[in-house]
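Please load the model in a viewer and keep the selection tool at hand.

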Amino acid sequence: MTMTNAGQKTRLAVFASGNGSNFEALAQACADGRLNAEIVLLVCDKPGAYVCERAGRFGIETFAFRPKEYASKAEYERRIVGLLDDKGVELVCLAGYMRILSDVMLEAYRDRIVNIHPSLLPAFKGAHAIRDAFDYGVKVYGVTIHYVNGELDGGRIVDQRAIYYDGDDIDELEAKIHAVEHVLYVDTVARLIGSRG
Ligand code: GRF
């Protein structure tokens, strides 16, 4: 990935649809100076999602929109790309954004969009990855950060962490996985923006 303003804070956008604990992990790391970056925009396709409240607490600007109010995905993504361009966004972090991106976003921000997923990809893609793995009887769970393409949880892997768990409490398992997510996303973004050329 090539980013331009060496020495300055990297300008991030985060896309999220719901709770926003990964958004908060990134925002807190920016606030603490653990990440030499600034979240300049939260993009949320569900106005009223808790992530919007988190953004408000950090004073982070939010673009919350209803996809149904646009004629097509291409139309709302063109709006989003316009906002990202205006703000000089260099890296887009998907964090629980429950939509597949179209070519409008993928071409505008090629190789500059990453996603976090709560499994060791390519195993257990989709919205219920933790439950699916748990039901399967998996013992080694994990978290993946990957570049984003037009396929569900597809794209080249940037980093992964494995988590051994042999218990029967899915809430405990989910808490362990989310805790690892919050650390791995910050570490991976730090590495990506540190490697800017
Ligand atoms: C996380 O498990 C993430 O890996 C997945 O969606 C979930 C979002 O959680 N893509 P949160 O909204 O960041 O709390």
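**Ligand and pocket**

Select Asn22 first: one of its polar backbone atoms is 2.8 Å from an oxygen atom of the ligand, where a polar contact is a pair of N or O atoms within 3.5 Å. The model is predicted, with local features requiring pLDDT of at least 70 and side-chain atom pairs pLDDT 80 or more, while totals for chains, interfaces and linings use all residues. Numbering runs from 1 along each chain as its sequence is written, and side-chain values use heavy atoms, without hydrogens or water.

Next, select Ser21, where a polar side-chain atom lies 2.5 Å from a ligand oxygen atom. At Ile116, a backbone N or O atom is 2.9 Å from a nitrogen atom of the ligand.

Asn19, Gly20, Ser21, Asn22, Gly96, Ile116, His117, Pro118, His178 and Glu181 surround the ligand.

Then show the largest pocket, in which the ligand sits; sitting there requires more than half of the ligand atoms to lie within 2 Å of the pocket's grid points. A pocket is an open set of points, on a 1 Å grid over the protein atoms alone, where a 1.4 Å probe fits, with protein on both sides within 12 Å along at least five of seven lines; lining residues have an atom within 4 Å of a point. The volume is about 760 Å³, counted as the space filled by probe spheres set on the points. Finally, select Gly96, Tyr97, Met98, Ile116 and Pro118, the closest to the pocket centre among its 35 lining residues.

Notes:
Near = heavy atom within 4 Å. Polar contact = N/O pair within 3.5 Å; in protein donor to acceptor, adjacent residues only side chain to side chain.
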